[in-house]
Amino acid sequence: MIKYLYVMKQKLKLLLAYFRAFKTENLHTFINLIWGDIENWDEIFKTNKGKEIEISSSMLQIFEDVIKTYMRDFHKYNNYDNDDFWTLIVNIYPKENRINFQSECKVKRYYDKKSTFNISTEHSELNVVILNKINEIFEEELPEENYFEFTFDGEYDEINVDFDFDVSDESLFTDLTDNVMRTVDGRWWMDDGGAQGIIKIKKDESLIVDWVLRDYDYQMTLMNINVTPDNIKE
């Protein structure tokens, strides 16, 4: 282990000396990974002035060895709850003999939304397709009722619905959900994180949809690891 540490120190010194030859204050690169494996990387380093640099294969190997050495440390900071895909942000400071590692991971954000529509025959605010679906549900599934509500969850082109009453044709409710959500949130409402909520319908009076929009974004983690020849780990 001591021999390995000595070798890694010497390799890192060599790598940083190599970068110093480019006479720049900073170089950076972005590497996309899935868990611990590099998924997408152009192997290009950019200077703070925008110049693109491709390094030799031997230096590239040393750089990748440093990444592998710290992979367990990276995992401690990363959040894989939403996706194993993440981005390693690398900044190299040749004159300071330092490499800095930061990361971004996918996070899910939630947005509360609510819409109310008049569905009376004369003053309906919704299109005829939705009105026909509502009428069909009352006629086919709930002929003796004047009100019903159900919950839904839509994501990745799949809609799940749940009721506290018996139904014979669940597709009536999934179709209604899709048409209502397309109206309030657009054609692609199930993309990314999708949405979940509740639809409440009072016959010939109102439709209320109360939902939570889920959206994915990338957010910086707390990772801020500085690696130098003096502190490189075993």
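1. At the start of helix 4 in this predicted model, a side-chain oxygen of asparagine 127 comes to within 3.0 Å of the backbone nitrogen of valine 129. Helix 4 itself spans residues 128-140 and has 13 residues. From its first C-alpha to its last it reaches 18 Å, close to the 18 Å expected at 1.5 Å a residue.

2. The next point concerns the nonpolar cores. The largest of them has 33 residues, of which Phe63, Phe74, Leu88, Ile92 and Phe101 touch the most other members. Two or more residues each are given to this core by helix 1 (2-20), strand 1 (27-34), helix 2 (57-69), helix 3 (71-77), strand 5 (85-93), strand 6 (98-118) and strand 11 (225-227). Helix 2 supplies the largest share, 6 residues. Leaving aside residues up to four places away in sequence, phenylalanine 74 touches Ile67, Trp86, Leu88, Phe101, Met223 and Ile225. A second, separate core of 31 residues includes Ile130, Ile137, Phe163 and Leu213. In soluble globular proteins, nonpolar side chains tend to be buried together.

3. Aromatic pairs deserve a separate remark. A search of the whole structure finds 21 of them. In one, the rings of phenylalanine 138 and phenylalanine 148 have centres 5.1 Å apart and planes at 70°, so the pair is edge-to-face. Because phenylalanine 138 lies in helix 4 and phenylalanine 148 in strand 7, the pair ties together parts that are 10 residues apart in sequence. Phenylalanine 138 and phenylalanine 148 are both buried.

4. A further pair involves strand 7 and helix 5. The ring centres of phenylalanine 150 and phenylalanine 173 are 5.3 Å apart and the planes stand at 80°, so this pair is edge-to-face. Phenylalanine 150 lies in strand 7 and phenylalanine 173 in helix 5, so the pair ties together parts that are 23 residues apart in sequence. Both phenylalanine 150 and phenylalanine 173 are buried. Elsewhere, one aromatic cluster is formed by Tyr18, Phe19, Phe22, Trp41, Phe45 and Phe63; of these, Phe63 is also among the residues that touch the most other members of the largest nonpolar core.

5. Where does cysteine 105 lie? It is found in strand 6, and it is buried, with a relative accessible area of 1%. Not counting residues up to four places away in sequence, cysteine 105 touches Asn78, Asn79, Trp86, Asp217, Tyr218, Gln219 and Thr221.

6. At a relative accessible area of 19%, serine 115 counts as buried, because the cut-off for burial is under 20%. Beyond residues up to four places away in sequence, serine 115 touches Val184, Leu207, Ile208, Val209 and Trp211. With the same exclusion, threonine 116 touches Glu125, Leu207 and Ile208. The C-alpha atoms of threonine 116 and leucine 207 are separated by 5.8 Å, although these residues are 91 residues apart along the chain.

7. Tyrosine 156 has a positive phi of about 55° although it is not a glycine. Its place is in the loop between strand 7 and strand 8 (158-162), and tyrosine 156 is exposed, with a relative accessible area of 58%. Aspartate 192 likewise has a positive phi of about 55° without being a glycine. Aspartate 192 is placed in the loop between helix 5 and strand 9, and at 47% relative accessibility it counts as partly exposed.

How values were computed
Residues numbered from 1 in each chain as written. Heavy atoms only, no water. Core = buried A, V, L, I, M, F, W, Y, C linked by side-chain atoms within 4.5 Å. Buried < 20%, exposed > 50% of the residue type's maximum accessible area, 1.4 Å probe, protein only. Helix = DSSP H or I, 4+ residues; strand = E, 2+ residues; numbered from the N terminus. Contact = heavy atoms within 4.5 Å. Expected span 1.5 Å × (residues − 1). Polar contact = N/O pair within 3.5 Å; in protein donor to acceptor, adjacent residues only side chain to side chain. Phe/Tyr/Trp six-rings, centres within 6.5 Å; stacked < 30°, edge-to-face > 60°.
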